Amino acid sequence: MAKSVEQLAGELADREGIRELPLKYCDCVWRNDLTGIVDLFASDGEFITKGFKREHRASGREGLLKLYGGLTQGELSPRPYIHNHVIDLAGVGRASGRCYVELRNFKKNMEWVGSGYYEDEYVKVGDDWKFKSRTFRTAYMSVNPG
Amino acid sequence: MAKTTEQIVIELADRDAIRELPQRYCDCVWRGDVDGLVSLFADDGAFTIIGNNRETTNKGRAELQKTYKAGLASLTPRPYIHNHVIELTGGGRASGRCYVELRDASNNLSWLGTGFYNDEYVKVGDTWKFQSRRAQMVHMEPKMAAGTAGPQEKK
């Protein structure tokens, strides 16, 4: 059965709200707005990094603030560009998606340092979409992000 | 005459679904999902790659399946899509253009090349599909250039 105009509009608004999350995430990273980054997550949201050899997990507002507080302390000060965002609405305020990132390093004349992708889970909190979880998988990284 | 709210919402939904096609295409390429890639095309959909004075076209699911399987295995491309413009032409048809950068997963994601796609889209039931993709390469590193020559090459 064809979707009604109300259903189409609701889904469009949901997709737009979700599409904005990784964009705002990158914008916050560029501006080193740590609180802004963490505000994009649900209160029990988590960020998981999966490298080739190790996995790191930060959960909840305090854990995320601590994690992102170290964002620029290593040899990498990341400047991300996001691409290829695909979204699957799962209903009842849930969705998942994947998007791909290239990173340049502000500390090294913006040299290209690597790429990877995020596997995201999204949740609607009130009227706002948030990250329930972000799992970053490295495809290639020339420097240790710390 | 101004469009009705219903017309506007339907056009927005069409644009959104079409916008997602090249994104899903890239996502499938990254993950090596050949079945997923081919499912983005109409049954008689076609993919053409143009570069180095060569033009190679593959049409229909069987040819696309074979071409993408071989291409993804030999080139290991990792694409990023940009600058997607869409023109709705009515009657379940649309066209568009988007620009791509390619990196090589087999070589520390080194640069493979760049170009753009001239796309034709068709609505099949409730789902938008590629009717055709014409990839015009603007710059290709040697590995990419070698990988674009195919058996159905035509000048």
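Reader: Which residues of α1(A) meet which residues of α1(B)?

Author: Start with the rule: two residues are in contact if their C-beta atoms, placed from the backbone, lie within 7 Å. Helices (H or I, at least four residues) and strands (E, at least two) are DSSP runs, numbered from the N terminus. Here A:V5, A:L8, A:A9, A:L12 and A:R15 of α1(A) meet B:E6, B:V9, B:I10, B:L12, B:A13 and B:D16 of α1(B). By class, the residues of this contact are eight nonpolar, no polar and three charged. For the classes, Ala, Val, Leu, Ile, Met, Phe, Trp, Tyr, Cys and Pro count as nonpolar, Asp, Glu, Lys and Arg as charged, and the others, Gly among them, as polar.

Reader: Before we go on, what kind of model is this?

Author: This is a predicted model, where local features need pLDDT of at least 70, side-chain atom pairs count only at pLDDT 80 or more, and totals for chains, interfaces and linings use all residues. Residues are numbered from 1 along each chain as its sequence is written, while chains are lettered from A and ligands numbered from 1 in the order in which they are written.

Reader: At what angle do α1(A) and α1(B) pack?

Author: Axes are lines fitted to C-alpha atoms, for helices over the stretch in contact, and angles run from 0 to 180 degrees between N-to-C directions. The two helices pack at about 45°, with their axes 10 Å apart. That makes α1(A) oblique to α1(B); angles under 35 degrees count as roughly parallel, over 145 as roughly antiparallel, 65 to 115 as roughly perpendicular and the rest as oblique.

Reader: Is the crossing of α1(A) and α1(B) left-handed or right-handed?

Author: Left-handed. The term applies if the near helix is turned anticlockwise from the far one by less than a right angle, with right-handed for clockwise.

Reader: How many residues does each chain bring to the contact?

Author: Chain B brings 20 residues and chain A brings 18 residues. On the chain B side, α1 (5–31) and β3 (77–90) are the elements that give two or more residues, and α1(B) gives the most, with 12 residues.

Reader: Now the sheet of chain A: what is the order of its strands?

Author: Two strands pair if DSSP finds at least two bridges between them. In chain A, an open sheet of six strands runs β2-β1-β6-β5-β4-β3, with mixed pairing. β2 (55–59) and β3 (78–91) each have a single partner strand, so one side of each is left without a neighbour in the sheet. Neighbouring strands are turned by 15° against each other on average, direction ignored. For one pair, β4(A) and β5(A) are antiparallel over 12 bridges, with A:L103 bridged to A:G114 in β5(A). Helix α1 of chain A lies across β3, β4, β5 and β6 (128–141), at about 160° to β3(A).

Reader: Which residue has a phi near 55°?

Author: Most residues other than glycine have a negative phi. A:N109, which is not a glycine, has that positive value, and A:M110, also a residue other than glycine, has a positive phi of about 60°. A:N109 lies in the loop between β4 (94–105) and β5 (111–125) of chain A, and A:M110 is placed in the loop between β4 and β5 too.

Reader: Why does A:N109 count as exposed?

Author: A residue is buried if 20 or more other C-beta atoms lie within 10 Å of its own, exposed if 12 or fewer, and partly exposed in between, with C-beta atoms placed from the backbone. A:N109 counts as exposed because it has 7 C-beta neighbours inside 10 Å; A:M110, with 11, counts as exposed as well.
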